[in-house]
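Trainee: Please take a close look at the side-chain pairing in this model. Where would you start, and what lies around it?

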Amino acid sequence: MDGTDEKKYQYKITEVAEMLHETSSTLRFWESKFDFYVKPQTNGHNTRKYKEEDIQKLKRIQYLLRERKLTIEGAKAYLKDNKGERVIENSEVVERLKEIKAELLDIKNTMLQMYPADTEADDDECFD
């Protein structure tokens with residue numbers, strides 16, 4: 001094994017930003033606002049190193065802000081009130097549903113390529 005399939009233990013901010021489809025500056029902003037919740041390790045040069053736990057916390061913050069549309073203060077209050085466990089469950093469910101949707105769309109597109117639209121059948125009835 002060449003090591004590329006092994007899971008990393010620490011990630012750079014650019015890698016985490018890419019995983020979450022956010023900018024590095026957004027992650028730094030969230031860290032400043034949620035400093036009680038997420039604190040990646042830094043070295044002497046202020047280079048951030050994120051563990052899997054840090055990434056999961058950022059995903060929870062992202063879920064509250066992007067999916068639930070909470071304000072920064074609302075998300076902080078939610079996390080501080082020990083409702084974080086529900087956030088974990090909800091964000092994981094939403095993430096999995098997005099994956100399932102993508103898989104289903106891939107299947108739909110494959111089927112449409114294999115079986116071009118029949119003049120008698122309406123695609124919308126079969127796939128929507």
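Mentor: Arg-66 is partly exposed, at 40% relative accessibility; buried means under 20% relative accessible area, exposed over 50% and partly exposed in between, with a 1.4 Å probe and protein chains only. This is a predicted model, in which local features need pLDDT of at least 70 and side-chain atom pairs count only at pLDDT 80 or more, while totals for chains, interfaces and linings use all residues. Residues are numbered from 1 along each chain as its sequence is written, and side-chain values use heavy atoms, with hydrogens and water left out.

The partner of Arg-66 is Glu-22: their side chains meet in a salt bridge, at 2.8 Å from N to O. The term stands for a side-chain nitrogen of Lys or Arg within 4 Å of a carboxyl oxygen of Asp or Glu. Glu-22 sits in the loop between helix H1 (13-20) and helix H2 (24-33), Arg-66 in helix H3 (residues 52-67), and the pair thus links distant parts of the chain, 44 residues apart. Helices (H or I, at least four residues) and strands (E, at least two) are DSSP runs, numbered from the N terminus. Glu-22 is buried, with a relative accessible area of 15%. Side chains of opposite charge can pair when their charged atoms come close.

Glu-67 counts as partly exposed, at 38% relative accessibility.

A further salt bridge joins Arg-96 and Glu-103, with 3.6 Å between the closest N and O atoms. Both residues are partly exposed: Glu-103 has a relative accessible area of 42%, and Arg-96 is at 39%. Through salt bridges with shared partners, Arg-96, Glu-99 and Glu-103 belong to one network. The count for the model comes to 7 salt bridges.

Charged side chains also meet aromatic rings here. The charged end of Lys-57 sits over the ring of Tyr-37, 5.3 Å from its centre; the criterion is NZ of Lys or CZ of Arg within 6 Å of the ring centre and within 35 degrees of the ring normal. Likewise, the charged end of Lys-80 sits over the ring of Phe-36, 4.8 Å from its centre.

Next come the rings themselves. The model has 2 aromatic pairs; rings of Phe, Tyr and Trp (its six-membered ring) pair if their centres lie within 6.5 Å, and planes under 30 degrees apart count as stacked, over 60 as edge-to-face and the rest as tilted. Phe-34 and Phe-36 make a tilted pair, 6.3 Å centre to centre with 45 degrees between the planes. The pair of Phe-36 and Tyr-37 is tilted as well, at 6.2 Å centre to centre and 50 degrees. Phe-34, Phe-36 and Tyr-37 form one aromatic cluster. Phe-34 is buried at 0% relative accessible area and Tyr-37 is buried at 16%, whereas Phe-36 is partly exposed at 34%.

Lys-76 belongs to helix H4 (residues 72-80) and is buried, with a relative accessible area of 16%.

Elsewhere, Val-93, Leu-97, Ile-100, Leu-104, Ile-107, Met-111, Met-114 and Tyr-115 make a nonpolar surface patch of about 790 Å². Patches are made of residues with over 30% relative accessible area and no salt bridge, like charges being joined within 9 Å and nonpolar side chains (Val, Leu, Ile, Met, Phe, Trp, Tyr) within 5 Å. Accessible areas come from the Shrake-Rupley method with a 1.4 Å probe; for residues, only the protein chains shown count as cover. Tyr-115 lies in the loop between H5 and helix H6 (123-127) and is exposed, at 55% relative accessible area.

As for the setting, the protein chain has 6 helices and 2 strands, in the order α-α-β-β-α-α-α-α from the N terminus. Of its 128 residues, 27% are buried. Among contacts with a separation of 6 or more, 50% are between residues 24 or more positions apart. The chain exposes about 9400 Å², and carbon and sulfur atoms supply 49% of that area.

Methods: Contact = heavy atoms within 4.5 Å.
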